[in-house]
Amino acid sequence: MKRDEILIRLFSEENKPSALENVKVVEIADENFAAAIAGSLLAEMGARVTRIEVGDEAMKISPYGVTINGVGIPYLVESRNKEIVKFNESVKDLIFSADIIIDGTMPGFLEELGIGYRNVSENPAVIYVAISPFGHYTSKAKEFKNVPDSDLTAQAYNGYPTLIGNPYLTGEHSYPLRAGLWAAWIMAGVNAAVGALIALLERLKSGKGQFVDIATNDAIAVVTTFSAVMGFLFDKPRGRFGTIDYLLYPFGYHKAKDGYIALATPTDADFRALLKILKCWDLEPDWKYTLDRISDDLERIRILDEELNKTLQKLTVKELLKKASKLRKSKLPFLSRFLGRPVIVKINTLREVLQDEHWKIRKSFLRIKIDGKEVIIPNSPIKSSETPPKVSYPTYPRVPEGQERGATPGEG
Amino acid sequence: MYDFTYFSLTGEEIGKTGNLDPASVPSGIFRTKDGKFVAISILTSSQFEALKSLIPQLENGNRFEKSRARDLNKIVAKWVEERNLEEILELAKKHRFPASPVLDDKEIAFDPWRWERGSILKVKDRLLGELPVPGPIIAMSATPGKIKWLGRPVGYHNRLILKKWLGLGDREIDELEKEGVIGYWDEMPGLAPPATWDAEKDEVFRGEKDEEG
């Protein structure tokens, strides 16, 4: 049997148990999708997740209002494996007997409903995971407790857009730029799930649950580490770097004649190999060493950036990849190090990603039928051999009749 | 990522959306009167109504529709232009809609909230002295995360692992070093221990004692 076939069988979902079977999770997220993402991660791994709706707006939130049967895309995707019920007195038993409660509402809100941490921790084994902009403690959390969460505002408070904007625009044209996916919400959601699992693991030892608190306004800044340390050590904050890496050039996205590439030359030899395929030897004396190409000073690195871009834009992506593939290779790792090779990767469109055989084998996307229409849903990125994650939509959500809103597919 | 699902439903790639979150209308990063930036992101109808109470020109209609989204954003941009950042943040608190300043490295490093929460904390490191570093992202009431020590130069723990933990003798370790199997840091700034560091006096480096923290 071929290696690939063995691996496909190893990671297949058939006849395998789930890791979190019998773990009962209650998710009260409303329109906070960081909390819904946390619930999804646990649901994929087999936890029995009940999503309890207090509000009724989450399912209307969707890119350009595109919905299917009145349900928005984020809500549809994050309803994976979940049972969805409306909040009423009868679901309180479910809440008080849950192993994990995910709270994405504003601090204090569940308390008003009689299901806050103070109430549910009557069960000492409960793990309460809260996700909010500033968390559930500190003076600022109290002051801003009524300001709702959103991914964009969380990205902003994390300082992320400040770094992403176009570095070459100045004055009134210089704007911070958001990351094009829910970067803060995803990071917060993943860490909320990690926190829940750490608490679950710890509960095996102590028998006790605990309060796990995630602040979306912190989720990126804490993980990327640079902001806090540089802000403290340097006189000036970093400005906009766009797609240029703060540490080393080139290490980012560039335009070719007919598309975009990701380009990186981690070593001096890789950089020389790039100059070789671009026939740009005149640049070598000034930019030969890694220390020359440290990119913290954008004014300086701009000179090299503009020169390289001029040449890159004369070549198609295919030509660049072909030239890189023709560079001299050696079977000896020792020699390869000196020969160098730039990393050049084509930036695919969504259409190209979906056609890629690799992702088909890896089952990165699921195609489900909703009322006869095929809908593509992202699968879990985790592949595990014994307890693989499973994604299903046994009863995909539906808006009650007469309440449909937003555009239908194709009209967005 | 929801873009693939969007593509399957509409037949179109969503493309570049800039500062508009297309699932949140109006939304964007806008320049304030005092030259700062504010992010505003309206998700629900009640948040929309809250903002509309301040900007009556905002008409809901089908606000998520592409061209409507652009128009609504222009109205918000103009409104923001005439107000200072602090004023907008006060209004967000009072009227309950998502709004936030756009911070930079310095504002993050000196943000009192982050120090109070423990998202930035000072670590007293045996080798590097007292340094501010980001704290754990997950706050846990019963078993909180902790930063015991900071990063060590490459190879710093060679002897700790090989001698103390795995029981190799000094001669065997010297041999591995000679053969180039194990190695140590480059003397570049940031990669080496501080200039005042004394290898002879460092029991952890010599493999006699575990790190403490």
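The model is a predicted one, in which local features need pLDDT of at least 70 and side-chain atom pairs count only at pLDDT 80 or more, whereas totals for chains, interfaces and linings use all residues. Residues are numbered from 1 along each chain as its sequence is written, chains are lettered from A and ligands numbered from 1 in the order in which they are written, and side-chain values use heavy atoms, with hydrogens and water left out.

Strand β7(A) covers residues 127-132, and six of its six residues are buried; helices (H or I, at least four residues) and strands (E, at least two) are DSSP runs numbered from the N terminus. Strand β6(A), residues 100-103, runs parallel to β7(A) and is joined to it by four bridges, with I101(A) standing opposite Y128(A); two strands are taken to pair if DSSP finds at least two bridges between them. β7(A) also pairs with β8(A), again in the parallel sense, over five bridges, and here S132(A) has A215(A) as its bridge partner.

The interface between the two chains involves 75 residues of chain B in contact with 96 residues of chain A, a contact being heavy atoms within 4.5 Å. The chains bury about 7700 Å² between them, 65% of it on carbon and sulfur atoms, where buried area is the accessible area (1.4 Å probe) that two parts lose on being put together, summed over both. Y2(B), L9(B) and W113(B) supply 11% of the area that chain B buries against chain A, more than any other three residues.

Five salt bridges are found across the interface, each defined as a side-chain nitrogen of Lys or Arg within 4 Å of a carboxyl oxygen of Asp or Glu. In one salt bridge, the side chains of R114(B) and D218(A) meet at 3.6 Å, N to O. Helix α1(B), residues 3-10, gives the most to the side of chain B that touches chain A, contributing eight residues. That side of chain B divides into 39 nonpolar, 21 polar and 15 charged residues, with Ala, Val, Leu, Ile, Met, Phe, Trp, Tyr, Cys and Pro counted as nonpolar, Asp, Glu, Lys and Arg as charged, and the others, Gly among them, as polar.

Elsewhere in chain A, helix α13(A) (residues 268-278) is largely enclosed by the rest of the structure, because nine of its 11 residues are buried. The buried residues of α13(A) include D268(A), F271(A), L274(A) and L278(A), and their cover includes β10 (260-264), α14 (284-287), α15 (298-312) and α16 (317-325) of chain A. After α13(A) comes K279(A), whose phi is positive, near 55 degrees.

Chain A as a whole contains 19 helices and 13 strands, and its C-alpha trace spans about 75 × 60 × 50 Å along its principal axes. Of the 412 residues in chain A, 50% are buried, and residues 24 or more positions apart account for 70% of the contacts in chain A with a separation of 6 or more.

Key:
Buried means under 20% relative accessible area, exposed over 50%, partly exposed in between (1.4 Å probe, protein chains only).
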